[in-house]
Structure formats: C-alpha cells, structure tokens
Amino acid sequence: MKATETPPAVAATEPAPVSKSPAPGGKGKGSEGQVLNVFSHGVLIIWAILVVLPLLWAIMSSFKNDDSILSTPWALPDKLHFDNWSRAWSQAHMSDYFFNTILVVGGSLIGTLLLGSMAAYVLARFDFPGNRFIYYLFIGGMSFPIILALVPLFFVMNNMGLLNTRHGLILVYIAYSLPFTVFFLTSFFRTLPGSVAEAASIDGASHTRTFFQVMLPMAKPGLISVGIFNFLGQWNQYMLPTVLNTDPKYRVLSQGLVELANSQGYKGDWSGLFAGLVMAMLPVLAAYIIFQRQVVAGLTAGAVK
C-alpha cells in the first residue's frame, strides 16, 4: 500500500507589519514652526501696542483740560473739550503752519514723483553708456547724511535767493527724496511687461507718449507706495526747514509744534499742544488708511514676475 505523501505546509508569505516611526525631523519641524509662529505673532502684538497706545493717548488728551491731563493722565475725559482744537488752530497759528505744509509737501511730492518716475523709467528700460553709473549715484545719495550738507546747502540757497521761501524748500525736498524714489521705481519698472511698450512703439507712439499714457498708469501701485513714504518723510521733516526756513510766516507744522511747546514757558498749555499734535498726525493716518492696499500691492509687485 502506497502511502500518500502529504504536501509540506506552505508558509504564510504575508509581510510582517512595519511600524511607522515618525520621520527624524517631521514632528520637530511642525512644533518648531508653531513656536516660531507664536513668537512672531507675539512680537507683532507687542509692536502694535507700542504704536497704538501712544496714539490713542494723544487723541484722548487732546479732548481733556490741563488739570485732567496732569492729575489723571490715563482716565477718559469727563467731557470733550473742543475748545482745545479751536485754540490751537487760531491762537497757536496752526492754520498757517498747516497751509504752508500742504503747499510745500504737495509741490515737492508732485515734483518728486514726476522727476523720479521719468529717471527711473529711463534707467530701467534703456541701455546706454553710464546707465549703471547714474543708477549707483542715486543709490549713493541715499547713504549720504543730510546733516553734512546743511551748511553748504544753506550758503547755496542764500546765494540763489531761495532762502526762507516756499519754492526753495520745495526744491530741497525734491532733491532730498529723489534717490530713494529712483531706487524704488527703477526696480518696479523692471517688473512691468516690455511687450506693452513695444506694442505702443509699433503703433507709432513716441517715447514720451508711451511713458505718460502706457507705462506710468501701469506703475500706479509703485507710485502710490513711494508717494506714501515720501509724504511721511516730507510731512515730518524738521531739520531742513529749521535751517533753511527761518521766516515765521513760512514755518511748517513741525516747526509750529516746537514753537507751540517753547512758547508755553511755565504756563503749560498741554491740551492745546496735544490738539496741535493730533492735527499734524491726522493727514498722515488718513493717507495711509486710504492707500493701504495700494501700498501693499506696490511693495509686493516685484515678488512674482
């Protein structure tokens, strides 16, 4: 009798379960990113508090009387003293300072954006001998301390008959703001598509018409961004008008606030001083709030081509 051979048992070929261990740096990277995110948000919150609290305190103090400012500086005003604003506007001559500042800053801002955009467009779009040299001259102007030029600038303005005049201060502001404007707008014009300018030239448009009707409207976000920065710098400028604008009837807001603080002596019209300070801050805050999106768009325009 032939015994039947039983086939050998077939071993199971199922793979052993593999334990999934976390990647060496996977979990660590996630926790590190969360810690960094929390830290950055904390720094931003602290920075916002340091900026917003003095602003709110100044606005609140402008509606209080002098006794309340000194006795309870952090308390809300018992009532709104609008006479502080009227006193600062009329008796402290803030209206005259405001008018002079608008004329000087408005004229210098228009001249800076016009001349700066024209120079930046040429440097960004045209290749000619000395292009990079002129560009680096403008960059060098950004690093030159303005305090070193005050004495020779004073004598130059005096010899040209521009001392203690609004138009002389406008020209100085334009020259002071041009290096940063050209540096900023040159990088911005390089990000704009050149095919649009080529299409305009094929249609018979001159370089001037192409710049003013085609390229300049496309550069609107960059113009608004650099315009806001120049507006802030020129509106708060104190050193240049103090040296070049000593005539009391042509004083700007920064000079007016210092004059208001010095004229008090031991009297201490703190409520009027805070009212004048808020008057000087409101145009800057309004300009930034209105053009906030354009400023962000202009700053990030060169990030993606």
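This is a predicted model: local features need pLDDT of at least 70, side-chain atom pairs count only at pLDDT 80 or more; totals for chains, interfaces and linings use all residues.

Residues are numbered from 1 along each chain as its sequence is written, and side-chain values use heavy atoms, with hydrogens and water left out.

N164 sits in the loop between α6 (150–159) and α7 (166–191); helices here are DSSP runs of H or I with at least four residues, numbered from the N terminus. Its phi is positive, about 60 degrees, although N164 is not a glycine. Most residues other than glycine have a negative phi.

H93 also has a positive phi, near 60 degrees, and is likewise a residue other than glycine. You will find H93 in the loop between α3 and α4 (94–125), where H93 counts as partly exposed at 41% relative accessibility.

Now look at helix α3 (residues 83–90) and helix α13 (residues 270–290), whose axes come within 8 Å and cross at roughly 75 degrees. The axes are lines fitted to C-alpha atoms over the stretch in contact, with angles running from 0 to 180 degrees between N-to-C directions. The two helices, α3 and α13, are therefore roughly perpendicular to each other, a label for angles of 65 to 115 degrees. From α3, the contact (heavy atoms within 4.5 Å) involves N84, W85, R87, A88 and W89, and from α13 S271, G272, A275, G276, V278, M279 and L282.

Methods. Angles under 35 degrees count as roughly parallel, over 145 as roughly antiparallel, 65 to 115 as roughly perpendicular and the rest as oblique. Buried means under 20% relative accessible area, exposed over 50%, partly exposed in between (1.4 Å probe, protein chains only).
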